[in-house]
Amino acid sequence: MQELHGYYIEDLEPGMSAIYAKTVTEADIVMFAGLSGDTNPVHLNQTFAEGTMFKERIAHGMLSASFISTVLGTRLPGPGCIYLSQTLNFKAPVRIGDTVVARVTVREVNREKKRLVVDTVCTVGDTQVLDGEAKLMVASRAKLAPGNEAAAVVAAE
């Protein structure tokens with residue numbers, strides 16, 4: 001992996017894994033609601049949330065899912081990859097103060113098509129809060145013009 005570019009398709013192997021951990025705060029939930037427009041009161045209103053099955057406010061599921069994007073875009077495969085698709089299965093709520101650990105594990109590498117399939121999981125302690133899979137486009141080192149690493153993504157298309 002290089003400073004301004006992540007792994008190239010030639011560098012990736014099944015079983016490679018990376019994580020990102022984040023403790024969810026009140027501010028994270030409020031900012032995510034503002035950014036996304038999802039102002040569902042189960043996220044923002046304690047009185048409302050007390051009347052739900054969760055009995056307290058919970059974080060947006062997509063907030064936890066966004067931590068997967070953090071792993072993909074910054075660690076594995078890292079800068080320069082292109083997200084093609086993501087499946088998500090939400091399994092348990094995330095609450096204020098929970099530390100979410102997002103893990104990405106390489107399942108399949110297709111060097112010819114420059115495609116990567118990864119398993120995605122988020123946990124809080126021993127509890128899996130979501131899982132799924134992501135498909136990505138990853139640049140090939142072989143397609144780069146000498147000295148032109150910025151063209152890696154375009155070359156991968």
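Start with the sheet: select alanine 102, and you'll find it standing opposite cysteine 122 in β5. Before going further, a word on the ground rules. This is a predicted model, where local features need pLDDT of at least 70 and side-chain atom pairs count only at pLDDT 80 or more, while totals for chains, interfaces and linings use all residues. Residues are numbered from 1 along each chain as its sequence is written, and side-chain values use heavy atoms, with hydrogens and water left out.

**The strands**

Now select residues 99–110 and 115–124. These are strands β4 and β5, which run antiparallel and are joined by nine bridges. Strands (E, at least two residues) and helices (H or I, at least four) are DSSP runs, numbered from the N terminus, and two strands pair if DSSP finds at least two bridges between them. Go to the hairpin of β4 and β5: four residues sit between the strands, and lysine 114 takes a positive phi near 60° there.

The hairpin here has two residues between the strands, and glycine 125 is the one to click, with a positive phi near 60°. Then pick valine 121 and look across to aspartate 131 in β6, which stands opposite. Keep aspartate 131 in mind, as the tour comes back to this residue.

**Helix α1**

Next, select residues 26–36 for helix α1, and colour Asp28, Ile29, Phe32 and Ala33, which are buried. Buried means under 20% relative accessible area, exposed means over 50%, and partly exposed is in between (1.4 Å probe, protein chains only). Those four cover an arc of only 130° around the axis, so they end up on the same side of α1. The arc is taken from the directions from the helix axis to the C-beta atoms.

What do the buried residues of α1 pack against? Show β1, α2 (41–44) and α4, and you have the partners. Contact here means heavy atoms within 4.5 Å. Just after α1, glycine 37 takes a positive phi of about 85°.

**An aromatic pair**

Select tyrosine 20 and phenylalanine 67. Their ring centres are 5.9 Å apart and their planes are at 55°, so the pair is tilted. The rule is that rings of Phe, Tyr and Trp (its six-membered ring) pair if their centres lie within 6.5 Å; planes under 30 degrees apart count as stacked, over 60 as edge-to-face and the rest as tilted. Tyrosine 20 is in strand β1 (residues 17–23) and phenylalanine 67 in helix α4 (residues 61–74), so the pair links parts of the chain 47 residues apart. Phenylalanine 67 is buried, at a relative accessible area of 6%.

**Salt bridges**

How many salt bridges does the structure hold? There are 10, counting a side-chain nitrogen of Lys or Arg within 4 Å of a carboxyl oxygen of Asp or Glu.

- Lysine 22 and aspartate 28: the closest N and O atoms are 2.8 Å apart. Lysine 22 is partly exposed at 23%, whereas aspartate 28 counts as buried at 15% relative accessibility.
- Glutamate 56 and arginine 95: N to O is 2.7 Å. Glutamate 56 is in the loop between α3 (46–50) and α4, and arginine 95 is in the loop between β3 (89–90) and β4, 39 residues apart.
- Aspartate 131 and lysine 91: this salt bridge has an N to O distance of 3.0 Å. Aspartate 131 lies in β6 and lysine 91 in the loop between β3 and β4, so the pair ties together parts 40 residues apart in sequence. Aspartate 131 is buried at 17%, and lysine 91 is partly exposed at 48%.

Then select Arg107, Glu108, Asp119, Glu133 and Lys135 together: they are linked in a network of salt bridges.

**The core**

Last stop: select Val24, Val118 and Leu136, which touch the most other members of the largest nonpolar core, a group of 29 residues. Such a core is a set of buried Ala, Val, Leu, Ile, Met, Phe, Trp, Tyr and Cys residues joined through side-chain atoms within 4.5 Å. At least two residues come from each of α1, α4, β4, β5 and β6, and α4 gives the most, with six. Finish on valine 24 and show its contacts beyond four places away in sequence, among them Ile29, Leu63, Phe67 and Val100.
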